[in-house]
Amino acid sequence: MEISTQTEYTKAVGTKGVKRKQTLLSRIFQNKVAFFSLWFLIILHLFVFIGPFVWPVNPEELQEAGALTSWSIMHPFGTDDLGRDVFSRMLHGGQVTLLVGLAAMLFALIIGTLVGACAGFFGKAAEAILMRITEAMMAIPNFFFVLVALTVLGTTPVMVVVVIALCSWMEIARVVYGETLKWKEYEFVEAANASGATPVRILTKYIIPQIIPSIIVSGTLTIAAAILTESAISYLGLGIQPPTPTWGNMLQNSQQYIWTAPVLGILPGAAITIVVLAYNFLGDGLRDALDPKYVKR
């Protein structure tokens, strides 16, 4: 029966899956905004994570040049109000901000995928309970929930990641739920059920692999929202605390120098804006590429 199930699976998704991957790649290449955003994000991440090895200046070290100095060869972005190298702080702060966004996105993907897949596959009581919980969470204003949770639970990096993820999984769950309902009606799933395969095996081997493209799209949009949330709460003083630099708390620390040293606020603010836009453009491009009604413009 396992051989028969595998044959049904291959017939249903084998050739179709290859064609879908080829079509997805070609559509991404055709979408110039999404394609440019993808390469921009790759280059930015390499720059942020490799940069400190090329520019090994301690982001917390007070420089001899003094405080609030202008751009120079020794300090390409100048120094901040305490005399620390702004370029080094942008690199290290970018690492923290991007890692928080990535970690929150991965955690949210795990929760959302588990909830959506279980609700869609098992149905009945599991569906009723899990989807009602999802809808209840969606009804809560997420940003205020994050503020209250961090005020009560603390502002350690791990807690920031967990709280952001707990407010970001609901849309992923809804996407996975809908996709699971669709794929569980296919003949290869019915054949797997008839062969006595366990629900966990059916989900992990036959259903979830077909949902991965949609999960990737959701994850791309989620990481943009997570970065924006982390930056917002850090700006309000409830995110990751100094001396650990993030683009959000760098923006918060710079507000009193907006007229005397505007570059201190412009750099992290521009970085947050560009990265969030790039992730959103990439997510929109991926969503268009996965749309079965996609029409080349």
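Which residues line the largest cavity? The list runs Asp80, Asp81, Arg84, Val86, Arg89, Met250, Asn253, Ser254, Tyr257 and Leu264. This comes from a predicted model, where local features need pLDDT of at least 70, side-chain atom pairs count only at pLDDT 80 or more, and totals for chains, interfaces and linings use all residues. Residues are numbered from 1 along each chain as its sequence is written, and side-chain values use heavy atoms, with hydrogens and water left out.

The search runs on a 1 Å grid over the protein atoms alone: a cavity is a set of points where a 1.4 Å probe fits but cannot get out, while a pocket is an open set with protein on both sides within 12 Å along at least five of seven lines. A residue counts as lining if it has an atom within 4 Å of a point. Points are joined across faces, edges and corners, and a volume is the space filled by probe spheres set on them.

The structure holds 1 cavity of 30 Å³ or more, and the largest cavity has a volume of about 120 Å³. Two elements, α3 (86–122) and α10 (247–254), each give two or more residues to its lining; helices here are DSSP runs (H or I, at least four residues), numbered from the N terminus. The largest share, 3 residues, comes from α10. By class, the cavity lining splits into 4 nonpolar, 2 polar and 4 charged residues. For that count, Ala, Val, Leu, Ile, Met, Phe, Trp, Tyr, Cys and Pro are nonpolar, Asp, Glu, Lys and Arg are charged, and the others, Gly among them, are polar.

The second largest pocket takes in about 410 Å³ of space. It is lined by 20 residues, and those closest to its centre are Ser168, Glu171, Leu221, Thr222 and Ala225. Elements giving two or more residues to this pocket are α5 (142–153), α7 (170–183) and α9 (199–235), with α9 supplying the largest share at 7 residues. The pocket lining has 11 nonpolar, 6 polar and 3 charged residues.

Now for how some of these helices pack. Axes are lines fitted to C-alpha atoms, for helices over the stretch in contact, and angles run from 0 to 180 degrees between N-to-C directions. Contact means heavy atoms within 4.5 Å.

α5, from the pocket lining, packs against helix α6 (residues 157–166) at an angle of about 150°, with the axes 10 Å apart. Val146, Ala149, Leu150 and Leu153 of α5 touch Met159, Val160 and Val163 of α6, a contact with 7 nonpolar, no polar and no charged residues.

α9 and α10 pack at about 35°, their axes 7 Å apart. Here Ser231, Ser234 and Tyr235 in α9 meet Gly248, Asn249, Leu251 and Gln252 in α10, which gives 2 nonpolar, 5 polar and no charged residues.

The axes of helix α2 (residues 32–54) and α3 come within 9 Å and cross at roughly 125°, so α2 is oblique to α3. On the α2 side, the contact uses His45, Phe47, Val48, Phe49, Gly51 and Pro52, and these meet Phe87, Leu91, His92, Gly94, Gln95, Leu98 and Leu99 in α3. By class, that contact has 8 nonpolar, 5 polar and no charged residues.

How values were computed
Parallel < 35°, antiparallel > 145°, perpendicular 65-115°, else oblique.
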